[in-house]
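Thanks for coming. I will take a few minutes to walk through one structure, and questions can wait until the end.

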Amino acid sequence: MVSTVQNTDVKQKESDHAVVVAVASRAVFEPEAQGGDNVYAEGVAFPLLQALQKVNERLLEENSAESLLFDIVLITTDSQQQQQSSHLISSTKHYGLEVSRFCFSTEEDFIESLLQNNVQLFLSTDRNEVSQTSQKGVLSALLDEYTTSCPSEQLRVLFCGDAVIRPDTNPTPASRQAAQSFSAQLGKMRQRFGMSDSPLSIVLMTSCGGRDSCGGALRTLRSLGISVDEAYCLAGSPRGPILSVLRPHFVLSDCFSGLED
Amino acid sequence: MSEMKPSDVAAAEDSSEEKDWAAAKAAFDNLKSNKPRPPKPRFAVSIAVSSRTVFNMVAERKIYEEEGVEKYVAFQVEHENEPFRPGPAFPFVKALMNVNSRLRELYPDSEELFDVILMTNNPAQVGVRLINSINHYDLTIERFCMTGGQSPIGYLEAYMTNLYLSKDSDKVTEAIEAGIAAATMFMPEKEMELSDTQLRVAFDGDAVLFSDESEIIVKKHGLDTFFEHEKRYENQPLAQGPLKCFLEALGKLQRKFYSKNERLNCPIRTFLVTARSAASSGARVLKTLRSWGLEIDEALFLAGAPKGPLLQKIRPHIFFDDQMFHIEGAKDLGTIAAHVPYGIGQKYHKGKLIEQPAKNE
């Protein structure tokens, strides 16, 4: 059974224009640890939430009537977390997180919940959840232990061109559509800021192809209204060392296959 | 295969790394063109070059400084299909490509090659013009980092960079402090005809290949003390300087030609161009090189004579020196010079101590 609760501490966003981002509660709060006063400890996604909030803050600075904002939803994806609903709400309010609403669902119905809430991006530390959600056509990305060391002052989104396609996550037309529409929104948000001192940085990385593969991807993204800030062409060099310097909050991969053609 | 990288870097073979590598190999092998595939970074001699060293971007830089970043990027995008003219590192990059062709002929399966990486602070939008320019000259640069303002140091380390060339002396200093061989490039006043069959690299000795320990003695106690000191410690090797490892990497590639009987035809030649004199202070330098197991093809002792005219005869693709006085002398007579901001030489100009304002930490 799914229930949605609004966070009364936070102003609700305009549903037609906002970009709905759902984050799994296990990523936001440490499920086992307690921060004292019955409040959960911070999870790996904390810097990510702070960065999303920073973008909203700066968007409103540029235009106080801005409606293209991130609409952050906290979602539980299993019955155990669903039981903790009051703790989750009180912890969220305690940290002053800009979460507009909570979706309390279980393993069986959380994807339904995502679809009902018009979620454009789902973030979780659970590989299976991300994979299942992707298959159903909702853009999803995996958060890992590196997410915790990302900056909180700037949201860094990495587009991975030509990443090695994993056999179990062939992008469906629906998920490719979801990726394109989210990216277009991101591109529009990026246009609200100047070249330097932007709270949002769009990063492109190509792993296998040479310079023309990356150049092609840059031009394609540009034609979709997405102006890339940083570009890295690896041409086969190991990703790990580069990613640890890049520190993206999340990576959108496998959804732009053929981007660089 | 011998290691081109410092021995303390022991990269564990990650299976996902291998997958990436295999995919890249496949991607290149499937290309319709016969573009050479970039080598595996761990085995390659990685040379990172900034955009302003490969290409002449002086006019664009002026726009950036006078009109700001937005106008600068707009200008670059507007002129995207116009290739840049060559910059100071351009002949050096072409010479590296030539060495690679020769290495591939002799060792078709080896990854021990030069790997040229474009390392720029430019935003990615300027990248399109840079890629178009690289295509125009058909340079073998397949890897790049366009950091959009972020510091390149982390990426230099990620690539285990053997040499970093930039026009920005702050970044070069940062790199040297991080233990990466680096130099600030200068465009000469006039053009010099350079070899297109042999890479020629000239190095100053003290504070470039060697530490600045002896130079400190000259600056603080004068030449006579210096000569005595060098004679007394002739058999004690000098400590290494910031470019020593780069000379070592060049030497490893040279030996690959020697073992295939190509010594006379070797496409890499190294030169030592030092103000030391052969009689009084030269021996220590040669003995130090020997103790390191390094060879240098020609050692030229100037005994204080200006370096410019000699460099005109040598015609190196790049000349490394720690003192701006020598850089300027080289530049004036047409040599492409690269300043190594290391050691006591930075505090002096033409033998006089530079008055430094107190730095605000």
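What you see is a predicted model. For the complex, the predictor reports an ipTM of 0.91 and a pTM of 0.91. Chain B has an average pLDDT of 91, with 93% of the residues at 70 or above. One stretch to treat separately is residues 7-13 of chain B, where the pLDDT is below 50. That stretch makes six contacts in the model beyond near neighbours in sequence.

For chain A the mean pLDDT is 87, and 91% of the residues reach 70 or more. Chain A has a stretch below 50 at residues 163-168, with 15 contacts beyond near neighbours in sequence. Residues 257-261 of chain A are also below 50, and there the number of such contacts is twelve.

Now the layout of chain A. The chain is divided into domain 1, residues 2-147, and domain 2, residues 155-252. Taken over C-alpha atoms, the centres of domain 1 of chain A and domain 2 of chain A are 23 Å apart. How many residues of each are in contact? On the domain 1 side there are 27, and on the domain 2 side 22.

Together these two domains of chain A bury about 2100 Å², and 70% of that is on carbon and sulfur atoms. Within domain 1 of chain A, the residues that lose the most area to domain 2 of chain A are Arg58(A), Leu68(A) and Leu139(A). Those three together make up 25% of what the domain 1 side buries.

Arg58(A) comes up again in the charged pairs. The count between domain 1 of chain A and domain 2 of chain A is two salt bridges. Arg58(A) forms a salt bridge with Asp197(A), with 3.7 Å between the closest N and O atoms.

Which elements of domain 1 of chain A supply at least two residues each to the side that touches domain 2 of chain A? They are helix H2 (46-62), strand E7 (121-124) and helix H6 (127-135) of chain A. H2(A) gives the largest share, nine residues. Sorted by class, that side of domain 1 of chain A has 16 nonpolar, seven polar and four charged residues.

One more salt bridge in chain A joins the side chains of Arg101(A) and Asp71(A), at 3.1 Å from N to O. Arg101(A) sits in strand E6 (residues 99-105) of chain A and Asp71(A) in strand E5 (residues 70-77) of chain A, so the pair ties together parts that are 30 residues apart in sequence. Over all chains, the structure holds 33 salt bridges.

That brings us to the contact between the chains. Chain B puts in 39 residues and chain A 33 residues. The area buried between chain B and chain A is about 3000 Å², with 55% of it from carbon and sulfur atoms. Which residues of chain B lose the most area to chain A? Asp20(B), Gln125(B) and Tyr155(B) do, together giving 20% of what the chain B side buries.

Between chain B and chain A the count is two salt bridges. Glu142(B) forms a salt bridge with Arg211(A), and their closest N and O atoms are 3.2 Å apart. There are also 18 residue pairs in polar contact between chain B and chain A, again with both residues at pLDDT 80 or more.

On the chain B side, the elements that each supply at least two residues touching chain A are helix H1 (15-29), helix H4 (69-78), helix H6 (124-137), strand E5 (143-146) and helix H7 (153-158) of chain B. By class, the side of chain B that touches chain A has 23 nonpolar, eight polar and eight charged residues.

That is the end of the walk-through.

Methods
Residues numbered from 1 in each chain as written. Chains lettered and ligands numbered in written order. Heavy atoms only, no water. pLDDT = per-residue confidence, 0-100. Contact = heavy atoms within 4.5 Å. Domains from an automatic or database assignment. Buried area = accessible area lost by both parts, 1.4 Å probe. Salt bridge = Lys/Arg side-chain N within 4 Å of Asp/Glu carboxyl O. Helix = DSSP H or I, 4+ residues; strand = E, 2+ residues; numbered from the N terminus. Nonpolar A, V, L, I, M, F, W, Y, C, P; charged D, E, K, R; others polar. Polar contact = N/O pair within 3.5 Å; in protein donor to acceptor, adjacent residues only side chain to side chain.
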